[in-house]
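Please open the model in your viewer, with the sequence panel alongside, and follow the stops below in order. Each stop says what to select and what is found there.

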Amino acid sequence: KTCDGTQCGSCYSGMIFEDGQCSCPSTQTFNAETTQCECDDGYFLDSTLCRKCDSSCKSCTGTEATECTECYGSFALIDGECKCPSTSAYSSDLDECVCPSGEYLDGLECVSCHDSCAECSGPEQTDCSACPNN
């Protein structure tokens, strides 16, 4: 907050002052816009401490799997839980939700690829990742 050369004289609230330097506690990152330490992804603020969310949550309001507010990757937030959308399934090899062959994930649903594609990442002919065997 206040500096004397490279040394801090005082820190913003919630920061740790050690050896003339200001830093956030572990599991927190400094946000220059708000001038506050904020919990890292996967943690939530409980009073003055950052506590770990359920492993399925990117952000949350509590430690339970039903208290997610944001999800990682292709997971969808459904009633506070991070789940694969209904027609997709979880792939432990990829650690994400995947659609059946010939479909791609579009938001919360699996949608058919372009007719010229066997596998794809989107709706266009240029989104093919595999062609049909003819």
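Begin by selecting Ser88, which sits in the loop between strand S12 (81-83) and strand S13 (89-91); helices (H or I, at least four residues) and strands (E, at least two) are DSSP runs, numbered from the N terminus. This is a predicted model, in which local features need pLDDT of at least 70 and side-chain atom pairs count only at pLDDT 80 or more, while totals for chains, interfaces and linings use all residues. Residues are numbered from 1 along each chain as its sequence is written, and side-chain values use heavy atoms, with hydrogens and water left out.

Staying with Ser88, note that its relative accessibility is 10%, so it counts as buried (buried means under 20% relative accessible area, exposed over 50%, and partly exposed in between, with a 1.4 Å probe and protein chains only). The Ser88 side chain reaches the backbone oxygen of Pro85 at 2.9 Å. If you set aside neighbours within four places in sequence, Ser88 is in contact with Cys97, Val98, Cys99, Leu105 and Cys110, contact meaning heavy atoms within 4.5 Å.

Next, select the cysteines. How many disulfides does a search of the whole structure find? The search finds 10, a disulfide being a pair of cysteine sulfur atoms within 2.5 Å.

Take Cys24 and Cys37 to start with: they are joined by a disulfide with an S to S distance of 2.2 Å. Cys24 lies in the loop between strand S4 (21-23) and strand S5 (28-31), whereas Cys37 belongs to strand S6 (residues 36-39), so that the pair links distant parts of the chain, 13 residues apart. The torsion about their S-S bond is about -90°, and the disulfide is therefore left-handed. Cys24 is buried at a relative accessible area of 16%, and Cys37 is buried at 15%.

Cys39 is partly exposed, with a relative accessible area of 25%, while Cys50, at 14%, counts as buried.

Now select Cys57 and Cys68, where the disulfide has an S to S distance of 1.9 Å. Cys57 is in strand S9 and Cys68 in strand S10, distant parts of the chain that are 11 residues apart. The link is left-handed, with -60° about the S-S bond, and both Cys57 and Cys68 are buried.

For contrast, select Cys131. Cys131 is exposed, with a relative accessible area of 56%.

From Cys82, not counting residues up to four places away in sequence, you can trace contacts to Ser56, Cys57, Cys68, Glu70, Cys71, Phe75, Ala76 and Leu77.

Finish with the charged side chains. The structure holds three salt bridges, each defined as a side-chain nitrogen of Lys or Arg within 4 Å of a carboxyl oxygen of Asp or Glu.

- Lys58 and Glu70: the closest N and O atoms are 3.8 Å apart. Lys58 is in strand S9 (residues 57-60) and Glu70 in strand S10 (residues 68-71), so that the pair links distant parts of the chain, 12 residues apart. Lys58 is partly exposed at 24% relative accessibility, as is Glu70 at 38%.
- Arg51 and Asp46: the closest N and O atoms are 2.6 Å apart. Arg51 is partly exposed at 38%, and Asp46 is partly exposed at 33%.
- Glu81 and Lys83: the closest N and O atoms are 3.8 Å apart. Glu81 is partly exposed at 27%, and Lys83 is partly exposed at 36%.

How values were computed
Polar contact = N/O pair within 3.5 Å; in protein donor to acceptor, adjacent residues only side chain to side chain.
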